[in-house]
Amino acid sequence: MNNITALLQCIFLGDYGLLTLTPRYLFLVLFPVMVLLGLLGQILPRIPFLRETSPLTSQFFYCFVGLGCTTCALASLDGLTDPKAKSRMAWILVLLVPCSAKLTILAAFASMVSLKVFLVFLLFFASFSALLYFLIGRLLPCSDAVTRPESSAGSFSLAAIFRDAFQSALDTALPFCAGSLLISLAVYLGLLDRLTEAFMPVMDSLFGLPPEAAQLLFLGILKRDFGAASLLTLGMGGSFDAAQLTVTVLMMTFSPPCFNSAVLLVKQQRLPGAAAIWLGSLLVSLFIGKITAEIFFVCLL
């Protein structure tokens with residue numbers, strides 16, 4: 001009986017519980033992000049110069065779709081006939097465009113640190129993003145064959161924005177609850193602890209991060225939502241200082257695509273191309289984490 005009580009308490013009231021973490025993440029983090037994206041979605045198509053067809057404006061619209069969901073943005077690339085243009089946009093979407101789940105990671109991070117720390121993070125993020133965009137441009141030059149999806153500027157409706165954001169949170173609730181249940185069971189059975197212990201030396205020796213960072217990174221790769229939600233729990237628990245938290249969030253921001261996006265990449269890019277993008281983003285994430293950790297180490301001596 002005691003074991004059953006402890007299990008139920010872990011499932012419903014634990015750190016990843018159905019009555020603790022789930023509602024807090026869905027309606028205090030995800031819902032505001034989706035409202036913001038809805039506002040941008042109704043405002044941006046009304047800007048005249050964004051209606052012009054060019055490679056750069058085409059990239060803009062694909063990237064805007066990626067702000068909502070990388071998987072949806074990758075699916076929209078099916079209209080591209082140029083393989084190089086499709087590969088270029090896939091790299092940009094995976095590496096440089098934070099989806100709504102990654103935006104919630106940034107929102108959670110911003111809520112836990114000072115303005116100075118967040119501005120330092122933005123400086124690192126912008127610098128690495130600019131460098132990666134330059135490298136992608138050199139390896140896969142922009143093509144005039146890029147086309148953007150048609151967009152229309154319908155009537156502005158604030159009520160529709162809030163309704164769609166609320167519906168998005170509700171649509172996320174069921175898979176999030178299922179994942180929360182699985183994660184709670186893994187915590188109760190000690191599986192995450194074993195995984196964390198296995199990678200603890202790597203986190204400490206290479207990046208100077210606490211062992212909880214391994215758990216965050218694994219959860220972020222498995223499902224971005226859980227990475228963001230876990231950041232709220234672990235970050236507020238005092239396990240990380242400001243520098244360690246910045247390094248961890250940078251690695252999570254540039255981490256490999258989630259499972260759904262990875263499956264779509266295999267369909268579009270075939271296995272070699274998808275593996276190159278997934279492994280490339282993993283190496284980029286580790287490299288950025290290492291460089292940032294070394295910079296903080298030198299600056300804080």
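**Close-up views of a predicted model**

**Figure 1. A cluster of aromatic rings.** Phe109, Phe118, Phe121, Phe125 and Phe254 are linked into a cluster by ring pairs. The model shown here and in the following views is predicted. In the structure as a whole there are 8 aromatic pairs. One of them joins Phe109 to Phe121 in a tilted arrangement, with 5.1 Å from centre to centre and 55° between the planes. Because Phe109 belongs to helix H6 (residues 100-112) and Phe121 to helix H7 (residues 115-139), this pair ties together parts that are 12 residues apart in sequence. Phe109 is buried, with a relative accessible area of 0%, and Phe121 is likewise counted as buried, at 0% relative accessibility.

**Figure 2. An aromatic pair between helices H7 and H13.** Phe124 and Phe296 form a tilted aromatic pair, for which the centres are 5.5 Å apart and the planes make an angle of 55°. Phe124 lies in helix H7 and Phe296 in helix H13, so the pair ties together parts that are 172 residues apart in sequence. Both Phe124 and Phe296 are buried.

**Figure 3. The largest nonpolar core and the surroundings of Phe254.** In soluble globular proteins, nonpolar side chains tend to be buried together. The largest nonpolar core of this model has 56 residues, and the members that touch the most others are Phe109, Phe121, Leu231 and Phe254. Leaving aside residues up to four places away in sequence, Phe254 touches Leu95, Lys102, Phe125, Phe128, Ser129, Leu132, Ser281, Val284, Ser285 and Ile288. Another core, of 5 residues, lies apart from the largest one; Met34, Val35, Ile161 and Ala165 are among its members.

Figure 4. Most residues other than glycine have a negative phi. Arg270 is not a glycine, yet its phi is positive, at about 65°. This residue is found in helix H13, which covers residues 259-299. Is the side chain-bearing residue Arg270 buried or exposed? Arg270 is exposed, because its relative accessible area of 60% is over the 50% cut-off for that class.

Figure 5. A disulfide is a covalent bond between the sulfur atoms of two cysteines. A search of the whole structure finds 0 disulfides. Cys10 has a relative accessible area of 16% and is buried. Cys99, with a relative accessible area of 9%, is also buried. Both cysteines receive this label because their values, 16% for Cys10 and 9% for Cys99, fall under the 20% cut-off.

Notes. Residues are numbered from 1 along each chain as its sequence is written. This is a predicted model: local features need pLDDT of at least 70, side-chain atom pairs count only at pLDDT 80 or more; totals for chains, interfaces and linings use all residues. Side-chain values use heavy atoms; hydrogens and water are left out. A disulfide is a pair of cysteine sulfur atoms within 2.5 Å. Buried means under 20% relative accessible area, exposed over 50%, partly exposed in between (1.4 Å probe, protein chains only). Helices (H or I, at least four residues) and strands (E, at least two) are DSSP runs, numbered from the N terminus. Rings of Phe, Tyr and Trp (its six-membered ring) pair if their centres lie within 6.5 Å; planes under 30 degrees apart count as stacked, over 60 as edge-to-face and the rest as tilted. A nonpolar core is a set of buried Ala, Val, Leu, Ile, Met, Phe, Trp, Tyr and Cys residues joined through side-chain atoms within 4.5 Å. Contact means heavy atoms within 4.5 Å.
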